[in-house]
Every structure is written in C-alpha cells, then in structure tokens.
Amino acid sequence: MDHLEFLLRQFLVPDNEARKQAEEQIRLLSKDPQLVPALLHYVRSAQSPEVRQLAGVLLRKKITGHWMQLSPETRNSVKSTLLESITLEPSPPVRRASADVVSVIAKHAIPAGEWPELLPFLHQCSQSAQEEHREVALILFSSLTETIGDLLRPHFATLQGVFVSGLNDQQSNRVRVAALKAVGAFVGYIQTEQEVLMFRELIPPILNVSRMCLANGDEDVAILAFEIFDELVESPAPLLGPTIPVIVQFALEVCSNKHLEANTRYQAIQILSWLSKYKPKTLVKHKMVGPILAVMCPILAEPDTRNHDDEVAPEHAAAEVLDTMAMNLPKKHIFPPVLHFSVSNCRNPDPNYRDAAVMALGVISEGCFEVMKTRLEEVLALVLEALKDKEQVVRGAASFALGQFAEHLQPEINEYYERVLPCIFTVLSDPVPEVQEKAFYSLAAFCENLKEEILPYLAPLMDKLLEALQSNRRDIQETCMSAIGSAAAAAEASFVPYTERVLHFMQGFMVLTKDEDLPARARATELVGIVGMAVGRSVIEPVLPSFIEAALEGFSLDFSELREYSHGFFSNVAEILEEGLTPYLSRIVPLALASCNLDDGTAFDPADSDGDNDDLDKGIGSVSSDEDEDTDSKRIRNFSVRTGVLDEKAAATQALGLYALHTKSSFMPYFEETLKVLKKHLGYFHEDVRLQAVIALQHLFTAIRAAFPKTSNFCSAATDIIMEQYIKIMNEDDDKDTVSQVCSSIVEVIKSVTYDSVEKFIGPLCEATLSLLRQEAVCQQTGDTDSDGDDDDIEHDELLIDAVTDVLPALGSCMGASFEPLFRQFYEPLMKFAKPTRPPNDRTMAVACVAEVAKEIGTAIIPYLDTSMPIAIKELASPDATNRRNGAYCVGELCRNGGEKALQYYNSILVALHPLFGTGETDNGVRDNAAGAVARMINAQPNALPLNQILPVLISALPLKEDMEESETVYGCLCGLISASHPQIMPFVPQLVPVFAQVVVSKDTSTVLKMGIGRAVMQLCGQYGDQMQTLLSSLPPDEATALGSVMKHDSQSGF
C-alpha cells in the first residue's frame, strides 16, 4: 500500500498509458481489505484535493466488499475519520465524496445498530453556525436517502425541521440548494397522512429557493423543484393538496419567461402536463384550467429557437400540454378558450400566431372531438382559410390540423369532402417541401375514411401522387405512399387501373438496402399489402409471390421498422389469401415469433454520483471489479424504451392473430408457441402490445373452434384460457383501450359458446363488469387524491363504457331470463348515466343498453319498466338524433317485452313518436327506428292501438331508408297483419305492394324476409286477384320480376 498515493496521482495524469497501469495496480490492491484504511488515510492526508476526492470515490466503490472483513476497531476508526472529514475538510467535492462513503456504510451499519451516533451528529451539523457543516449535513441526508431511505422515515418530523431550516437559510444560498436536493431525494419515501401534511409545509420554501436560483442564473438547480413536483404528481398519496395552485402559478411564471433556457421552461411546462394527466379534478376545482390555457396558447406562437439537440422547444411542449388537457379534462373547460384564441388570432399580423391558431385546434381535436363536431363548420372554415396563407408555417399547421380532423372528427368530417379535397390538392403542389409533406399526411388521413366519395377525385389525385412518388426527397415519397394507400383503400376496385403502375414503383423501393433508404422500403412493403386488400385477390394474387419474396428478404436487413411493416404486409396477405397463406406459414410464423421474443429494449440509467464526481467515476469504472457498487437501491430516474422494437412486437403480435384467424386448422402446429407468446404479451409493459395480444388471442380462439369439434376438450380448454385471461385484464390492466377491447372480445366469445362453457366465469365476469360500470376499476383511476371534487365533472372514457355496457346484453343473450337477478346489481350504476344532468352520449348509451337487455331477457325486463320507460320516452324529444333513435328502439323493446304493464305508456309513446314521422325530422335513421317502435307495439298489443290512425303514418315512412336492421320487425309486422287478414291493413295494400317490391329487390334484404313478403303477396293475390294483378303490372320491371320470383318460390314451397 506504500505506493498507493503515487497510483492515485498517476490516475489523474492525462497520459492514457500511465492511467491504464495505475488502474491495473489499484485493481490488484482492491482484493486486500487493508485498502479501506489506506484509502481513508489519503482522504484525510493527501495534499491535493483531487487525490483526496479520488480516494473517497474509490473508497465508496470498494468499501462494501470489505466492510465485514474489517475488525470492529477498524470499522469504528473508519466511521469517526469520515465524520471528521465531513466537518473539517475544506474542499466541497471531498466533503461530498466522504458523505457518499458514509451513506454506503450506513446501509449496513444503521440496520445493525452499529452507528447510533450518526443521525444525532448530522442533526447537530445542520444546526451549526458554520455554513459548510450545514451544507454537508444536508448533502449527507441526500446520500443516506439512497441507501437507508426507509430507515429515515421514523425520523421524518426531525428531518422536516432540518429541511425547513435549510430551505429558509438566510445566510447561505449553498445551504438552501443542498436542502432542495435533500428534499428531492427523500420525497419518494413519504407515505402516511401525517408525513403528507408535514411535507406540504416544505412546498412554499421549495418555490422560494427555486425562484432564488432562477434569479441567480442557476437554472439547473432551480429545475430540481420541478423534478420534486414531477415525482409528487404521480404519487398516489395526496402530497400536493391545496398547494397545487401555487405550484401551477410558479410553473406558469417560469414557462412564460422567454429569457430562461428552453430546458428550464420545458420542465415547467411538463409539470403542467403531468398535473393535467394525474390531477385533473384538482385543476378544475381550483379554477386553474383557464390560466394554464391563457399561457400555453401564446407559447404555441413562439418560433422554434432550439439551438441544441437536447433542448425541447417550449412550443412543442405547450402543444403536448394542450393535448393532455383535452384528453383528461372536461371539454367545456378546454374547447371554448382554445377556440376563442384561434378565432382571435387567425388573422393576426404575426404569422406565428396564425400558425398557433390552427395548430391549437388540431392538437385538441382528439380529446375534444365530440364538442368540435358540433362546431365543425366554424373550425373547418378557419383551417381551410389558413391553408391559403402566404406564410409556409401557417399552411403547414393548417395541413396538420386537417389531418387531425380527418383522424378524430369522424364521420362528420367526411361530409365536407367536396370542400376539403380540392384545398388539399392545391397544397400538394406547395413550393415548400415541408408543407407538401404535411399535405400528403392530411390527404392520407382524409382519404382513409372515404369510400365512393373519392372516385370523382381519383384520377387527378393519382396523377399528383404518382408524380410526387418520383420526388428526390425520401420523406415526401414516404408520406406520398401513405396517401396512395388511403386512396386505394377508399377506391377499392376502382383503384385497379392504377395498380400496375403503383406496384412497379414499389418493386423499385423493395430492393433498396442502404440504411437511409430502409424507411421508404418499409412504407413500400406496407403499401403493396394495402393495394392488394383494395383491389382483391383475383387482381393481386398473380403478382404477389415476387413481393412476398422481397418482403421475406427484408428481414435479413436488421431494421426494426422494416420488420414491423413487413409483419403488417403479411397480415394483409393473410386476409387476401386466407387458406392460400398456408404454404408460407413455415417461413412467416417463425419470423413473427422472433420479433415477439426480441429483447424488450428497456434501459435504466441510474446516476452514479454527484455531478462533481462524474468525470472521476468514468475514469475509474474499470477498477470496480465484481463488488457491490450500491447502485441497485437507487431510485431510477431515466427510463428509455426502444420504440421501434415495441412497434415491431405489436405488429408481429397482430400478424400471429391474423395468421391463425385466416388459416385456422393449418395454423395449429404453431398453436402452443403462439399461445405462450400471447399470454406473455397480455402482461407486457406497453399497452400497444397488450392490446394486440388481446385481439390476437380472440383470433386464435376463433381458429381453434374452427379446427376442432366445438365439444372437444381442446375447445373447452381454450375457452377457459381466454376467459381467465380476459377477466384478469378487466380487473388489473391500467389502460382503458386495452380493457375496452377485452370487453368487446369477451362479448364475441360469449356469443360464440354455450352457457355451460362459460358458467363458471359468469360470477367473476359480472364482478369485473360491475367495477367498470361503477368506474372503480384500475384503468379508471386517475390517482387524483389531492381533490375531493365532484366526479361528475370529469368525463369518463365513452368508448370504454360503451364496450362495458355491451357485455350486459351479451350475458342476457347467453343466459336468457335467468340473467335478470344478475342484472339487478348493474341497473342502478347503469341508470346513473341516464340522469338528465349527464351528456347526451351517456344517456343514449344507458337507454340503448336497457333496450338490448330487454331484447335478450324478454318479459324478465318488466320490473325495470317503470324506471326505464319514462327516460326512454324523454329521449324521443332529444335534440341529438342518436338519442332519438335509441329512445325509439328502447320504447319499442320495452313494449314488446313489457306485457300488460307497458300498456299504460302507449298513449305517451305514440304522442312522443308522432313528430319523428313528420317533415321536421331530418334524420332518416330516427324515422326508421320510430317505425320499428310502432311495429313492436303492434306486434305486442295489436288490439290496444288505433291502427286506423297509426298505419297511415307508419306506411308513409316506408320504405326504410337507413336502419335496415329494422326491416324484419317493420315489414314482418305488416306481413303478419296481412296474414291475419286484419281489416285495418287492407285499405293500405295499394301503398304496401310497391314498398314490398322495393324491399325484395334490395340485396340487403334477407331471404327469410323476402319469403315472408312473398307469402303475404300470394295471400293478397288469392283474395284480390284482379286488383292485385293491376298493382303488380304497374311496378317497374326489375321490382316486378323480383316480387314475382319470391311469390313463385313461395308457391313451389307449398306455402
């Protein structure tokens, strides 16, 4: 050990060879426990502070492995010498290095009761008159938190006093900063209500210290406050409580200060985003939503001034906040102020504000889709005007906003295609490539949901797209391919004339092998599959083999995005070829399984030490040998995910499900390995993969039932697996979309099996469904325990609750009337959604659910009639067409199954239905559902109705125009009256025969209904021969032929 100081000095020289030799010598010495007192000696005695610091850093790394081998006397000497170093050492970096060693020793000594004097010593230091002592005490508290944080919790009352004193230290800014860091280290250990209340007292001084640091230019230290709040926001304990308004105010001060660094402002903006996600009720309760929006919207108008890759532009972060607020907060608090900002600035002389005006609308469209649909004319006019702006930044923002509208404002946005498409076409020729790219994105998004509406525009559209495909910019080509895919999907068979040319271009892309070209190759691979889906098997199958081989070759290029899109391509090929995919399964299934089994790509990056030690730590990394460096218990701050691998896993999971669905028995050799992967992915950390696993498991279940007898043990076991897994997800998954998909999938499973197959799961399924309906499930918890606000003011996820309520009629279908005792527990939480104070979507969802349950359980619905019927009748007068439709459907089903008890409501129902048949009703679907309601009432109680008054109104609404699901009910009712020779129907035969003719000529009409109409018309011909022949001869030839055909079929069948 005599030459240890020399080695330490050598370690610090710039000569790499000398450093290597020193490292090797120190590595050999590290096997001897006597290295500990030797290093400690130089921590105290070396003349150079750099050597003293290096000795301390090495000691921290080595002491754990040797501590228990030291004699008690040596251990006591080490402890006392370290405390001496902490109090007497003049160099701050050396004091911090010594403090780090103390924290490592404390991890072992404190639990064993071997260092009782440590905490009193630190408390004494924190009260010292010397600034250095107060600072180092707080630094050591930070270090100790990383090793014995849980053991410090009983002393929190004392620590809180130390922290408050430190944060309020009027004599030393260094002490205040150290106190801020100490609080940040300890915050993760706060749990009890008493600890929460004590911690809240720290928040005002934390803000004061952060403001001081900002004023002094110490922004890196100031943002520690935001790191503390960041952890607090996600905590299930109500740590912030009434201090949230002051935190929001501070964050707004920081993020609106343009003189601060971009990263500092970003940290402040991030806190607002986290509060919007995790504390939405609290923001609403304290009326903070408006002030946040008032600052965020103008930040959107700031030009992008990023100078460094690691800085995040405030305007991008502000857009993230708007998106998060729109997704998590009540829309009535978000949309009006954002719309006001947009309208006020759409003609602002500053182009950045015009950019922000349309960007804001695009950003909030996903979260505020319902309310934006009601103001679509206004917001669309604003965006289309911006599309013509002279400034490229505004045109680009408008193109982005249009794409967002196309994605999220469906289906209403499609009604404006005649206005939107020509505007997008104009921007496709924009001289600025960045604007062009956004225009292609908006075009792709818009075309994706069009069908025949695209046909008049297809030729000029494809001219532009094929021209752009020859651009020398890969980003333009890639976005263009996405637009071509959307156009193909919309045009379907009409795309055939363009298929050969498009595929020719794709062949060129699918042989590219340079890294920079692989994203384009990936897009081309995807596009071939989309085109194949659009034009159909007969067109694509002859040319498909060469593209399949090119896609398979792409897997050898080791590019995750290409593998992802290739899995998508083969998913489409599976849908195109179905059983024809079987010859390729042996090649593509292993590829999909390989992607599923890739390393997750998650990485943890714990900081090793204080900033002052970073360079030294990097320098001595190689001498750490195999000993415990004590990083395992540090709280993980940086978490990263290779999103490319994640997307690849999701695509591969989806592909496996589709291979199984379309090849069925041919897929069974891969069943076991696929099931193993899917079960693993159902618990995957990212919701995108879990969601695809849920869908794929349903497809695998479908394939099993097609491949094996329904009563086989294999099918029974598959049913058990899928029900167990799905119910587990309903109870435990925290992602609403995943749980929503599980509910939809479980409905399909229940419908496909017998009651006996799922009987043992009915109880657990009902419990899970009830928890979701009460909004108490894991996925419905916001974690906002800082507010006691009214839950009604925070909107639930409509898609989730819709999917949940679909489970109830599915259970009714499976169990029949025996579902009624179980339905009782669901009824009250369900009807909470039907309260008059709830939004229209909630009310109509509840009403539709009652209607569907009534349909399945029949007269068992009678006990719920008096509560449900008045609500359904009231919905008939709703200003929302969907509500009127479901109201009509519900009153009809309640009358059909309500027996004598429903008669008391007939008059009220008829009065409420009558306006739905008048000229004031503009929605054809409403009129069709109203006709269905009347037909159900007639079928249930024909003698209780004034048919002479009702039939003229009913028949005047025929034929049905939109909701063809009502056909069986409405036309079946009329055929039934004819079959019974009811006197009230006979005067309307001249109007009915042309209607019947139109119905039978329609390809949407079922064979059963056509035969029923044929029988009715044959009966009429038998009763009114000559008059019927006159009526039939007046029909259009095609309708007459179709009607004659079903009458002839009926006659030959002996009816």
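Predicted model: local features only at pLDDT ≥ 70, side-chain atom pairs only at ≥ 80, totals over all residues.
Tyr-498, Thr-499, Val-502 and Leu-503 are buried, and so are Phe-505, Met-506 and Phe-509.

Leu-376 counts as buried because its relative accessibility is 2%, and the cut-off is under 20%. Which residues does Leu-376 touch, not counting those up to four places away in sequence? The contacts are Leu-409, Glu-412, Ile-413 and Tyr-416. Ile-413 is 37 residues from Leu-376 in sequence. In space, the C-alpha atoms of Leu-376 and Ile-413 are 7.5 Å apart.

One cavity of 30 Å³ or more was found. The largest cavity holds about 60 Å³ of space. Its lining consists of Phe-671, Leu-675, Leu-697, Leu-700, Phe-701, Ile-704, Ala-718, Ile-721 and Ile-722. Three helices each supply at least two of the lining residues: helix 37 (671–681), helix 38 (687–707) and helix 39 (713–732). Helix 38 gives the most, with four residues. What classes of residue make up the lining of the largest cavity? Nine are nonpolar, none is polar and none is charged.

Charged pairs were considered next. Side chains of opposite charge can pair when their charged atoms come close. The structure holds 36 salt bridges. One of them joins Arg-174 and Glu-131, with the closest N and O atoms 3.7 Å apart. This pair links distant parts of the chain. Arg-174 is in helix 10 (residues 173–186), Glu-131 is in helix 8 (residues 131–152), and 43 residues separate the two. Arg-174 is partly exposed, with a relative accessible area of 34%. Glu-131 also counts as partly exposed, at 24% relative accessibility.

A further salt bridge joins Asp-558 and Arg-563. Here the closest N and O atoms are 3.4 Å apart. Are the two partners buried or exposed? Asp-558 counts as exposed, because its relative accessibility is 64% and the cut-off is over 50%. Arg-563 is buried, with a relative accessible area of 13%.

Asp-733 and Arg-690 meet in another salt bridge, at 2.6 Å from N to O. This pair, too, links distant parts of the chain. Asp-733 sits in the loop between helix 39 and helix 40 (736–752), while Arg-690 belongs to helix 38. The two residues are 43 residues apart. Both are buried. Elsewhere, salt bridges that share partners join Arg-95, Glu-131, Glu-135 and Arg-174 into one network.

Most residues other than glycine have a negative phi, and most peptide bonds are trans. A cis peptide bond joins Gln-410 and Pro-411, with omega about -5 degrees. Pro-411 is placed in the loop between helix 24 (392–408) and helix 25 (417–428). Another cis peptide bond joins Leu-958 and Pro-959. Omega is about 0 degrees there. Pro-959 lies in the loop between helix 50 (947–956) and helix 51 (967–979).

Positive phi values were also found. Lys-664 is not a glycine, yet its phi is about 50 degrees. It is located in the loop between helix 36 (643–663) and helix 37. Lys-664 counts as partly exposed, at 29% relative accessibility. Gln-775 also has a positive phi, near 60 degrees. This residue is found in the loop between helix 42 (762–773) and helix 43 (798–815). Gln-775 counts as partly exposed, with 30% relative accessibility.

Methods
Residues numbered from 1 in each chain as written. Heavy atoms only, no water. Buried < 20%, exposed > 50% of the residue type's maximum accessible area, 1.4 Å probe, protein only. 1 Å grid on protein atoms, 1.4 Å probe; cavity = no way out; pocket = protein on both sides within 12 Å on 5 of 7 lines; lining within 4 Å. Points joined across faces, edges and corners; volume = space filled by probe spheres on them. Nonpolar A, V, L, I, M, F, W, Y, C, P; charged D, E, K, R; others polar. Salt bridge = Lys/Arg side-chain N within 4 Å of Asp/Glu carboxyl O. Contact = heavy atoms within 4.5 Å.
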